[in-house]
Amino acid sequence: MMLSLMKGRTCFPAPARTGCGLGLATGALAGLVALSVSAADAKPGVDSRADEMLKRMSECLVQARFFSVSVEVWQDLQLGSGQRIQAGRSIELQVRRPNRLRAEVHSLRHNRELLYDGKALTLFNRVQNLYGTVHATGALDEAMDLACERFGITLPLEDFIRSDPRKDLLQKVTSGADLGTVNVMGVACEHLAFSQTNIDWQVWIENGPRAVPRKFVITYKDEPESPQFTAIFSDWDFTTNLPDFVFQFEPPPGASQIKVKEMRAANQAHKTEAK
């Protein structure tokens, strides 16, 4: 049996289907001065203001040694009957750089947890009381790449956790613009809109000492009726310390360990059989 998480990768989550699983500081950037984007770093088709705001957000998240945030996610999906609905879930995300991560994902039917302690990735299904652990080392980027490539696991809201969110988010962008200032849950934010071949995405970045994302929307243009993924960020915390035990997994009473299937090995075996 394989523990199931949210799938999809830039690491934008894929359009939801019924049965989907988990699947998202003292060094924080201070001040209101916009960071300039050099000509070498500029992305063709993206206006300079949008690029500057995205860079401010990226540096805010990267320079923070640790942070916690709550995220409410809404995702369009289609039932077997053909009816389209919205499914919701909440994510509690805790990050400590360079190599600690905890994500708890809750919905009406699912309650899952993912932890990375610098030595292993652990996936825990609270409803079924099952968990799987895979060996992983290195910084967060390396652990997330390993999880995605070898096990098909995409971590919740991965693009905002990486060492250079701006670079990761702009990787396939063809155009981008700053649409101006709007309020998100009473917080003044810059509304940025970007386009790629198969998706459009938007991010609302707080205008303030910390340029954190407050809202994130993906529109899947190549899917029927263009379904959307929406994430609302709240309760950003850059001051509460996150000690090692936060990221360590202790199996609860009665929990059973199961094997997490390695996709790379399975795919290679399939290719060998095909020959």
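Predicted model: local features only at pLDDT ≥ 70, side-chain atom pairs only at ≥ 80, totals over all residues.
Q: Why is E113 called buried?
A: Its relative accessibility is 3%, and the label applies under 20%. E113 therefore counts as buried. The residue is found in strand β5 (residues 111-116).

Q: What makes the pairing of E113 with the side chain of R102 a polar contact?
A: The side chains of E113 and R102 come to 2.3 Å, and the cut-off for such N or O pairs is within 3.5 Å. A polar contact of 2.9 Å also joins the side chains of E113 and R126.

Q: Which residues does E113 touch, not counting residues up to four places away in sequence?
A: E113 touches R102, A103, E104, T122, L123, F124 and R126. Contact here requires heavy atoms within 4.5 Å.

Q: How do you know that the span of helix α2 agrees with its number of residues?
A: Helix α2 (residues 140-151) has 12 residues, and at 1.5 Å a residue they should span 16 Å. The expected span uses one less than the number of residues. The end C-alpha atoms of α2 are 16 Å apart, so the two values agree.

Q: Which residues of α2 are buried, and what follows the helix?
A: The buried residues are L140, D141, A143, M144, L146, A147 and F151. After α2 comes G152, with a positive phi near 70°.

Q: What makes the link from D141 to S163 a polar contact?
A: D141 belongs to helix α2, and its side chain lies 2.7 Å from that of S163. The limit is 3.5 Å. Apart from neighbours within four places in sequence, D141 is in contact with R162 and S163.

Q: Why is the aromatic pair of F160 and F216 called edge-to-face?
A: The whole structure holds 10 aromatic pairs. For F160 and F216 the centres are 5.0 Å apart and the planes make an angle of 90°. Rings pair if their centres lie within 6.5 Å, and planes over 60 degrees apart count as edge-to-face. On both counts F160 and F216 form an edge-to-face pair.

Q: Why does this pair tie together parts that are apart in sequence?
A: F160 lies in the loop between α2 and α3 (165-169), whereas F216 is in strand β11 (residues 213-220), so the parts joined are 56 residues apart in sequence.

Q: Are F160 and F216 buried or exposed?
A: F160 has a relative accessible area of 4% and is buried. F216, at 2%, is buried. The label needs a value under 20%.

Q: Which residues form one aromatic cluster?
A: The cluster consists of F67, F160, F194, W201, F216, F233, W236 and F238.

Q: What makes K215 a charge over the ring of W204?
A: The charged end of K215 sits over that ring, 4.6 Å from its centre. The distance limit is 6 Å.

Q: How do you know that strand β2 is mostly covered?
A: Of the 13 residues of β2 (residues 66-78), 10 are buried.

Q: What makes β2 a partner of strands β3 and β12?
A: Two strands pair if there are at least two bridges between them. β2 and β3 (residues 84-96) have 13 bridges in the antiparallel sense, with Q78 bridged to R84. Their hairpin has 5 residues between the strands, and in it G82 takes a positive phi near 100°. β2 and β12 (residues 228-237) have 7 bridges, also antiparallel, and S68 stands opposite D237.

Notes. Residues numbered from 1 in each chain as written. Heavy atoms only, no water. Helix = DSSP H or I, 4+ residues; strand = E, 2+ residues; numbered from the N terminus. Buried < 20%, exposed > 50% of the residue type's maximum accessible area, 1.4 Å probe, protein only. Polar contact = N/O pair within 3.5 Å; in protein donor to acceptor, adjacent residues only side chain to side chain. Phe/Tyr/Trp six-rings, centres within 6.5 Å; stacked < 30°, edge-to-face > 60°. Lys NZ or Arg CZ within 6 Å of the ring centre and 35° of its normal.
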